[in-house]
Amino acid sequence: MTYLYTAYAATWAIHVVYLVTVVRRYSQLKKEVDELNRKKS
Amino acid sequence: MKKAFPILGLLTAVLLSYALYEALVVAPTEQTMGDVQRIFYYHVPSAWTAFLLFFLNFLASVQYLVRRDPKTDAIANWVVIALGVLTCIAPYAFRNLLPVGVYPSSVVTTGIAFVGLYFLIHKLFSEQQTDMLALTTAEVGVVFCTVVLVTGPIWARPVWGIWWTWDVRLTSTLVLWLIYVSYLVLRRFSSSGQTPVLAAALAVFGALDVPLVYFSIWFFRTQHPQPVIGGGGAIDPRMLHVLLINWLAFLCFAFLVCWSRYRLERAKREVDETLALEALLEPRSALR
């Protein structure tokens with residue numbers, strides 16, 4: 001059972017790590033957009 | 001569209017939870033391997049999803065290359081139609097040449113799906129958007145391929161007694177992963193204007209490895225288990241049901257991740273264009 005749970009946990013860990021990188025890139029982009037808007041105004 | 005995303009997200013979460021319950025509780029325990037066989041319900045759907053995403057990456061990359069010139073685009077459209085017709089006729093005409101377990105109807109279905117997806121991408125995405133689609137599908141495909149490469153050895157250790165062996169299926173999967181990782185590295189670190197073209201060319205060659213990975217267990221004697229669907233393999237109908245539910249759940253999940261990654265890429269390019277425009281305009285305003 002340990003191997004089974006390890007495999008399932010590893011699967012979700014990989015997906016979560018990837019999703020975190022996507023969210024971080026979204027936040028980075030939002031910062032850039034805010035900076036751009038600040039410059040314009 | 002903004003409302004559709006959270007609704008689809010919720011439905012996918014429910015489906016993934018149900019699929020997990022089916023895999024851990026409902027699916028019958030395999031007699032020889034025991035519970036460790038249940039890794040199969042994550043390993044196989046992840047592999048199929050990765051293959052599908054790499055196939056979409058291939059179609060998007062081909063379109064990005066051919067749509068730069070209208071004449072080449074028109075020729076490519078006719079070539080795709082001709083290939084579609086050929087895959088509908090050839091499997092029945094040369095039935096004897098097909099490997100054991102490959103049915104003519106499955107080749108025809110693959111051919112029709114290929115033509116359908118090609119023209120669907122052609123209709124829904126512009127030339128620049130095909131490049132974004134290629135990048136998105138490659139990135140998410142690498143994530144699913146990583147899952148395959150991690151869950152495989154975790155299953156192999158208790159069943160084979162080893163984590164890894166250099167047989168055709170495992171090695172070709174690792175090569176496939178390395179090809180798409182290099183594709184992403186190229187996209188990430190090359191700033192040349194030709195990067196999308198080079199990446200698209202790399203993706204077209206990379207996609208050639210997908211059929212090699214898939215059919216390696218049909219054509220070569222490998223340590224990897226033989227195909228459970230087609231190829232003369234058999235699977236308990238209850239296990240097949242759980243396998244397909246998990247694949248559906250992972251497909252929905254992959255679709256959502258691709259969607260959000262595609263939106264991010266589109267927004268990023270818009271911001272980059274605006275920044276480039278600002279940079280062009282700034283010296284002029286300084287002169288005034």
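The model is predicted; local features need pLDDT of at least 70, side-chain atom pairs count only at pLDDT 80 or more, and totals for chains, interfaces and linings use all residues. Residues are numbered from 1 along each chain as its sequence is written, while chains are lettered from A and ligands numbered from 1 in the order in which they are written. The predictor assigns the complex an ipTM of 0.93 and a pTM of 0.90. Where pLDDT is low, the predicted coordinates should not be read in detail.

Chain B has nine helices and zero strands. Helices (H or I, at least four residues) and strands (E, at least two) are DSSP runs, numbered from the N terminus. The pattern along the sequence is α-α-α-α-α-α-α-α-α. The C-alpha trace of chain B spans about 80 × 45 × 40 Å along its principal axes. Of the 288 residues in chain B, 30% are buried. A residue is buried if 20 or more other C-beta atoms lie within 10 Å of its own, exposed if 12 or fewer, and partly exposed in between; C-beta atoms are placed from the backbone.

Helix H2 of chain B covers residues 40-66. Its 27 residues reach 39 Å from first C-alpha to last, close to the 39 Å expected at 1.5 Å a residue. The expected span is 1.5 Å times one less than the number of residues. H2(B) is mostly covered, with 25 of its 27 residues buried.

H5(B) and H6(B) pack at an angle of about 145°, and their axes are 10 Å apart. Axes are lines fitted to C-alpha atoms, for helices over the stretch in contact, and angles run from 0 to 180 degrees between N-to-C directions. The crossing is left-handed: the near helix is turned anticlockwise from the far one by less than a right angle, whereas clockwise would be right-handed. Residues of H5(B) in this contact include Leu135(B), Val142(B) and Leu149(B), and those of H6(B) include Trp177(B), Tyr180(B) and Leu184(B). By class, the contact has 14 nonpolar, four polar and two charged residues. Ala, Val, Leu, Ile, Met, Phe, Trp, Tyr, Cys and Pro count as nonpolar, Asp, Glu, Lys and Arg as charged, and the others, Gly among them, as polar.

Val142(B) sits in helix H5. Val142(B) is buried because 23 other C-beta atoms lie within 10 Å. Neighbours within four places in sequence aside, Val142(B) is in contact with Trp177(B), Tyr180(B), Val181(B) and Leu184(B). Ile179(B) belongs to helix H6, residues 168-189. Ile179(B) is also buried, with 21 other C-beta atoms within 10 Å. Beyond its neighbours within four places, Ile179(B) is in contact with Gly206(B) and Asp209(B).

The contact between the chains takes 22 residues from chain B and 18 residues from chain A. On chain B, helix H5 (127-160) and helix H9 (237-287) each supply at least two residues. H5(B) gives the most, with nine residues. The side of chain B that touches chain A has 13 nonpolar, four polar and five charged residues.

Technical notes. Two residues are in contact if their C-beta atoms, placed from the backbone, lie within 7 Å.
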